[in-house]
Amino acid sequence: MNELLLQGLVNGIVVGLIYALIGVSLNVIFGVLRVVNFAHGEFIVLGAYGAYFAQQLLGLSPLLAMPLVFLVFGLLGYGLYFLLVQRLSRSNDPEHASLLVMFGLSLVLGALMLLAFEADSRSLNFSLEPPFLMFGNVILPTTKLLGLAVSVVITGCLAYFLYRTMPGKALRAIIMNRDAIQIVGVDLNHLSALTFGLGLGLAGITGIIVSMIFPSFSPFIGQDYTLIGFIVIVLGGLGHPIGAVAGGILFGLAEQTAMVFFSGTVAMLLGFVLLIAVILIRPAGLFGVQNLR
Amino acid sequence: MSDETRETRIEAQNPLSASQNNPEKTSHIKSLIWGGVVTLIILAFLPVPLFTTNLSFMFYMMLWLTMATSFNFVAGMAGYMPFGYVAFYGIGAYATGVLYKTFGLPIPIALAGAAAAGVAIGLLLAPTLRLKGVYFGIVSLALAMAMKLIISLMPAKITGGSLGLILSSANDPTMAYYAMFAVLLGALAAGTWLSMSRLGIALRAIRDDREAAEVVGVNVVRTRLKAWVMATMFPSLVGGVEAWYTNAIDLESSFNLLVTAKSIVYAMAGGLGFLVGPIVGASALYGIDQLIWRHFPTLNLLILGVVIIALMLLLPRGIVGAFAQRFSRFRRFIP
């Protein structure tokens with residue numbers, strides 16, 4: 001029993017860090033743009049398809065496909081910002097408007113993927129030697145370890161970008177005070193578009209990592225990832241980029257331990273219960289220090 | 001609401017600024033228009049079973065009219081965006097199925113039970129009403145998902161498990177049609193009460209400026225709760241009647257997010273906050289939707305998504321809202 005629990009906890013941390021990555025990109029977009037990206041999960045799945053086709057057509061390994069997907073999704077996000085998001089800030093109720101537009105986008109993307117790639121699940125052809133490592137009695141597949149390493153590196157890069165570079169600081173400044181940042185001469189539109197690109201680029205990479213670790217993906221699972229992302233960012237604090245890491249690990253641990261003792265359905269239910277409880281009891285999120293509104 | 005529409009609304013309710021029109025006459029014309037719309041709806045739907053046995057088209061039109069109208073109670077009149085609206089629809093369907101099939105109660109009692117179950121869950125979730133903006137939307141969505149998972153975890157003896165429930169012994173499409181008709185009339189009546197009474201004024205006041213409403217003595221919690229109870233009861237009834245009409249209930253279709261999506265689209269296309277908004281929106285889009293759905297089932301979702309995006313970007317106030325903004329003189333006459 002203890003070994004099972006230990007295995008569950010280890011899995012929880014690995015899966016949690018990947019969930020964190022979903023949350024981080026979602027939170028970057030929400031924090032800066034006040035856009036609730038309902039279509040995030042669809043972009044994640046699209047990233048997985050990107051890696052799949054890069055492998056099938058170009059023979060690229062998923063790891064090499066990452067920068068390519070990041071670039072393509074980044075450009076896509078930059079363009080989509082001007083097409084969809086920019087107009088929303090003029091709306092009476094930008095948050096609701098964004099929620100609805102992104103909801104529409106998620107339906108569109110889900111349907112497009114269904115039309116283009118059909119309903120069958122696919123999986124990446126990706127394996128490492130040796131297939132798994134043993135730590136005492138705990139088994140860790142090497143793909144999971146690799147995914148973990150990539151997530152940590154990406155989160156680290158993002159943290160460095162946000163806290164140590166000028167554009168990153170400007171980006172955080174927008175989260176703190178939208179009006180003041182314009183006075184000091186930051187091009188809000190350009191930076192917002194870059195942020196949307198960054199968020200989608202990260203979503204694409206997350207999709208590749210996810211498809212390396214979870215067995216298969218299909219056009220239907222986008223919504224699940226969006227919901228996981230929502231749970232993570234609410235746990236860690238809405239609009240708090242790095243808080244999402246803590247939220248992701250917490251949710252990963254809770255989900256994986258629940259899976260050890262109960263079932264997958266209970267684990268998912270636990271996630272939603274956690275989300276609702278946190279919102280009702282502590283809307284700023286478990287780790288949100290200040291109210292970011 | 002923008003300042004512009006808010007101003008016209010204040011104008012419509014303030015006897016001093018509406019010097020040339022007295023407000024009683026205005027509200028009289030408004031009631032007349034609304035009465036005309038309701039009469040039209042009754043005339044359109046009441047005699048259908050006399051002429052044809054293929055009730056499906058009109059049945060589902062009433063279903064969406066009801067869903068959009070009751071969605072408007074929370075979204076348009078109270079200013080909430082419940083993304084998990086489908087939860088109440090699903091609860092209604094399952095409550096009806098379980099009460100009829102597992103407990104052997106007659107359909108009318110099962111439907112009453114469905115309404116009671118919806119309202120009970122709604123009251124249970126009432127604490128979420130203190131959440132603002134996106135938080136409410138996200139929680140509402142999570143609750144719909146949680147509801148589906150809870151039902152899937154219940155013993156298959158009660159809920160039928162993954163196979164769902166079949167109610168073939170209750171098959172009576174004409175009665176189900178009239179049941180939906182009654183639910184639609186109920187929703188229209190509730191809408192009339194919500195918007196034309198003092199309650200409606202209080203609701204709009206809260207939506208536009210909560211603090212100011214509180215200062216002038218509006219009980220914010222109780223007012224919102226009334227709208228919320230109405231908005232949870234009707235989808236539960238709709239879910240129950242639909243289950244009766246199709247005789248089949250299963251988790252995937254009872255908790256399909258598309259139910260929320262379509263309620264939103266129909267209500268928004270017409271114009272949130274107006275009584276006639278959801279009716280105009282549902283009537284305009286339902287036929288198109290049916291046409292697309294019949295011929296290109298996979299395109300249905302795609303087009304629904306495109307319509308949502310286009311509406312939000314190009315016509316955020318809906319058909320009626322855009323009309324009211326363009327011809328603001330007539331704004332006060334639109335129910």
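A residue counts as buried if 20 or more other C-beta atoms lie within 10 Å of its own, as exposed if 12 or fewer do, and as partly exposed in between, with C-beta atoms placed from the backbone. The model is predicted, so local features need pLDDT of at least 70 and side-chain atom pairs count only at pLDDT 80 or more, while totals for chains, interfaces and linings use all residues. Residues are numbered from 1 along each chain as its sequence is written, and chains are lettered from A and ligands numbered from 1 in the order in which they are written.

**Exercise 1. Is B:Gly277 buried or exposed? Work out its surroundings too.**

Step 1. Find the element: B:Gly277 lies in helix H15 (residues 277-295) of chain B. Helices (H or I, at least four residues) and strands (E, at least two) are DSSP runs, numbered from the N terminus.

Step 2. Apply the cut-off: B:Gly277 is buried because it has 28 C-beta neighbours inside 10 Å.

Step 3. List its partners. Two residues are in contact if their C-beta atoms, placed from the backbone, lie within 7 Å. Setting aside neighbours within four places in sequence, B:Gly277 touches B:Asn72, B:Gly76, B:Ala267, B:Gly270, B:Gly271, B:Leu272, B:Gly318 and B:Val320.

**Exercise 2. Describe how H6(B) and H12(B) pack.**

Step 1. Two packed helices are described by the angle between their axes and the distance between the axes. Axes are lines fitted to C-alpha atoms, for helices over the stretch in contact, and angles run from 0 to 180 degrees between N-to-C directions.

Step 2. Here helix H6 (residues 107-124) and helix H12 (residues 220-246) of chain B make an angle of about 145°, and their axes are 8 Å apart.

Step 3. Look at who meets whom: residues of H6(B) including B:Leu111 and B:Ile121 face a set in H12(B) that includes B:Trp228 and B:Met233. Sorted by class, this contact has 15 nonpolar, 6 polar and no charged residues. For the sorting, Ala, Val, Leu, Ile, Met, Phe, Trp, Tyr, Cys and Pro are nonpolar, Asp, Glu, Lys and Arg are charged, and the others, Gly among them, are polar.

**Exercise 3. Find the strand pair in chain A.**

Step 1. Chain A has 11 helices and 2 strands.

Step 2. Strands E1 (residues 132-135) and E2 (residues 138-141) of chain A pair in the antiparallel sense over 4 bridges; two strands pair if DSSP finds at least two bridges between them. A:Leu133 has A:Leu140 in E2(A) as its bridge partner.

Step 3. E1(A) and E2(A) form a hairpin with 2 residues between them, and A:Gly136 in the turn has a positive phi of about 60°.

**Exercise 4. Summarise chain B as a whole.**

Step 1. Chain B comes to 17 helices and 2 strands.

Step 2. Its C-alpha trace spans about 65 × 45 × 35 Å along the principal axes.

Step 3. Of the 335 residues in chain B, 49% are buried.
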